[in-house]
Amino acid sequence: MSDLPNCPACASEFTYDDGLQYVCPECGNEWSKVAEEGAEDIDTGVRDANGNLLTDGDSVTVIKDLKVKGSSLVVKVGTKVKSIRLVDGDHDIDCKVDGIGPMKLKSEFVKKA
């Protein structure tokens with residue numbers, strides 16, 4: 001068995017050393033050896049579409065029209081959502097959208113206001 005780390009993207013054990021980085025032949029992911037050594041310093045919180053760190057109570061703005069499942073309603077671009085709550089799971093944000101009600105949003109479709 002090799003002492004190389006498994007791929008962080010697909011957990012494959014078939015990674016190989018390529019100079020300054022590791023490479024996964026199964027999914028094509030490449031990551032730096034240096035990043036692995038300093039991984040404890042990186043904050044792994046929820047980030048918006050621009051890469052800003054989100055916290056509970058922040059206000060965000062929707063950056064894309066979002067259809068509401070099971071309804072003909074649409075959350076329009078530019079809708080401001082106040083007092084978000086961060087949660088674990090598929091959707092990162094619990095919030096209440098004016099005119100629609102309680103919703104779960106993905107952080108990739110919002111930006112910090």
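Trainee: Is Lys67 buried or exposed?

Mentor: We sort residues by relative accessible area: buried means under 20%, exposed means over 50%, and partly exposed is in between, using a 1.4 Å probe and the protein chains only. Lys67 has 77% relative accessibility, so Lys67 counts as exposed. Bear in mind that this is a predicted model, where local features need pLDDT of at least 70, side-chain atom pairs count only at pLDDT 80 or more, and totals for chains, interfaces and linings use all residues. Residues are numbered from 1 along each chain as its sequence is written, and side-chain values use heavy atoms, with hydrogens and water left out.

Trainee: Where does Lys67 lie?

Mentor: Strands and helices are DSSP runs, numbered from the N terminus: a strand is E with at least two residues, a helix is H or I with at least four. Lys67 lies in strand β5.

Trainee: OK, what is a pocket?

Mentor: Picture a 1 Å grid over the protein atoms alone: a pocket is an open set of points with protein on both sides within 12 Å along at least five of seven lines, and lining residues have an atom within 4 Å of a point. Here the largest pocket has a volume of about 240 Å³, a volume being the space filled by probe spheres set on the points.

Trainee: Which strand gives the most to the lining of the largest pocket?

Mentor: That's β10, with three residues. Both β5 (66-67) and β10 (101-105) supply at least two residues each.

Trainee: What should I look for in phi angles?

Mentor: Most residues other than glycine have a negative phi. In this model, Ser83 has a positive phi of about 55° although it is not a glycine. Ser83 sits in the loop between β7 (80-81) and β8 (85-86), and is exposed at 54% relative accessible area. From Lys67, Ser83 is 16 residues away in sequence and 21 Å away in space, C-alpha to C-alpha. Ala11 isn't a glycine either, yet its phi is positive, about 65°. Ala11 lies in the segment before β1 (16-18) and counts as exposed at 53% relative accessibility.

Trainee: And Asp94, what is it in contact with?

Mentor: Contact means heavy atoms within 4.5 Å. Leaving aside neighbours within four places in sequence, Asp94 is in contact with Ile84, Arg85, Val87, Met103 and Lys104. Asp94 is in strand β9 (residues 93-97), and is buried, with a relative accessible area of 14%.

Trainee: How many helices and strands are in the protein chain?

Mentor: There are one helix and eleven strands, and along the sequence they follow the pattern β-β-β-α-β-β-β-β-β-β-β-β. The radius of gyration, taken over C-alpha atoms, can be set against the globule rule, 2.2 Å times the number of residues to the power 0.38. For this chain the radius is 19 Å, well over the 13 Å the rule gives for 113 residues, so the chain is more spread out than a compact globule. Its C-alpha atoms fill a box of roughly 55 × 30 × 20 Å, taken along the principal axes. Buried residues make up 27% of the 113 residues.

Key:
1 Å grid on protein atoms, 1.4 Å probe; cavity = no way out; pocket = protein on both sides within 12 Å on 5 of 7 lines; lining within 4 Å.
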